[in-house]
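Trainee: I've got a model open on my screen and I'd like to learn how to read it. Could you walk me through it?

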Amino acid sequence: MTRLLRAHRRRAPLAILASLAVFGCGGSSGPAAPAPDPNPMDPPPDVPVAVPSRGTAATFDVATWNIEWFGDAGRGPSDDLTQLRRVRDVVLGAEIDLWGLQEMVDGTDFTALLAELPGYDGFLADAPIVQGGAASYSDFNGNEQKVGLLWRTEAVEVLSADIILQENDYEFAGRPPLRVRVRTSVDGVQEEFVVLVMHAKASTDRESWERRLGGSAALKTFLDANHADDRVLVIGDFNDDLDESIRDGAQTPYANFLEDAAGWSFITRPLTDAGETSTIGYDDVIDHILGSNE
């Protein structure tokens with residue numbers, strides 16, 4: 001599970017209370033009948049897991065999460081139902097206002113997840129609301145990894161959504177970034193900003209590193225040309241670290257953003273500097289949140 005990474009702004013407090021009661025009535029004469037053996041074909045009981053809050057009443061909280069092959073029956077976690085339930089538990093418990101999601105495969109499972117998340121809404125990159133989404137994420141066999149957005153409706157209003165950098169589809173491994181313009185309303189103050197959800201090319205081989213490098217160059221050129229004066233957050237699975245690359249001996253492919261310290265800063269840089277990791281299998285932080293100077 002990817003570490004929850006947060007950027008902060010103020011928001012109003014939120015309280016969630018759930019309770020379950022089971023009642024019995026009536027009496028009986030004689031011993032109770034033995035409980036039937038469980039049917040092995042029945043789904044396992046739904047026992048929610050308590051997850052401590054990461055969001056606070058004083059902050060607007062943003063997270064990125066690569067939910068490994070979400071809803072794919074053949075890859076990722078073998079039990080899709082348990083995966084869905086645990087994602088639900090994390091979202092409800094963590095109380096994050098806006099999530100950038102990666103490796104979302106099954107749209108039906110995502111719809112089922114939303115049904116388990118009162119007070120939240122969301123969409124994946126191929127949704128009708130996303131301009132260019134169906135063309136960029138068009139694997140109708142249902143096994144394509146997609147990026148997506150999930151948010152608390154009390155805190156976020158989505159204004160528009162589209163896919164950018166389709167011409168750099170190769171550099172982004174067939175997963176061009178999702179751009180969403182949102183409006184937040186916190187303590188009566190409204191602000192607009194742009195969120196980009198990205199999932200960079202994975203792996204440590206030279207070709208993959210070069211594709212991440214090309215994607216990073218294209219992304220910065222696009223942002224500097226189109227959002228020079230906007231509040232921008234780029235959140236997602238960057239598939240590389242910041243102090244050095246996951247490819248041995250190579251420079252981080254995101255040096256272009258690091259060198260423009262006046263315009264951009266990685267909010268997740270302290271995790272890299274502390275030697276943290278953001279996913280099982282790597283000794284590096286490969287999931288990041290990047291913010292513009294605005």
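This is a predicted model: local features need pLDDT of at least 70, side-chain atom pairs count only at pLDDT 80 or more; totals for chains, interfaces and linings use all residues.

Trainee: How many helices and strands does the protein have?

Mentor: Helices (H or I, at least four residues) and strands (E, at least two) are DSSP runs, numbered from the N terminus. Here there are six helices and 10 strands.

Trainee: And what share of the residues is buried?

Mentor: Buried means under 20% relative accessible area, exposed over 50%, and partly exposed in between, using a 1.4 Å probe and protein chains only. Of the 294 residues in the protein, 48% are buried.

Trainee: Which residues have the most contacts inside the largest nonpolar core?

Mentor: A nonpolar core is a set of buried Ala, Val, Leu, Ile, Met, Phe, Trp, Tyr and Cys residues joined through side-chain atoms within 4.5 Å. The largest one has 26 residues, and those with the most contacts inside it are Phe 60, Leu 98, Phe 123, Leu 178, Val 180, Val 195 and Ile 235. At least two residues of this core come from each of β4 (146-152), β5 (156-163), β6 (178-186), β7 (189-199) and β8 (232-237).

Trainee: How do I describe two packed helices?

Mentor: You give the angle between their axes and the distance between the axes. Axes are lines fitted to C-alpha atoms, for helices over the stretch in contact, and angles run from 0 to 180 degrees between N-to-C directions. Take α1 (residues 80-94) and α2 (residues 107-115): they pack at about 40 degrees, axes 10 Å apart. So α1 and α2 are oblique to each other; under 35 degrees is roughly parallel, over 145 roughly antiparallel, 65 to 115 roughly perpendicular, and the rest oblique.

Trainee: Where is Asn 66?

Mentor: Asn 66 is in strand β1 (residues 62-70). Asn 66 is buried, with a relative accessible area of 11%.

Methods. Residues are numbered from 1 along each chain as its sequence is written. Side-chain values use heavy atoms; hydrogens and water are left out.
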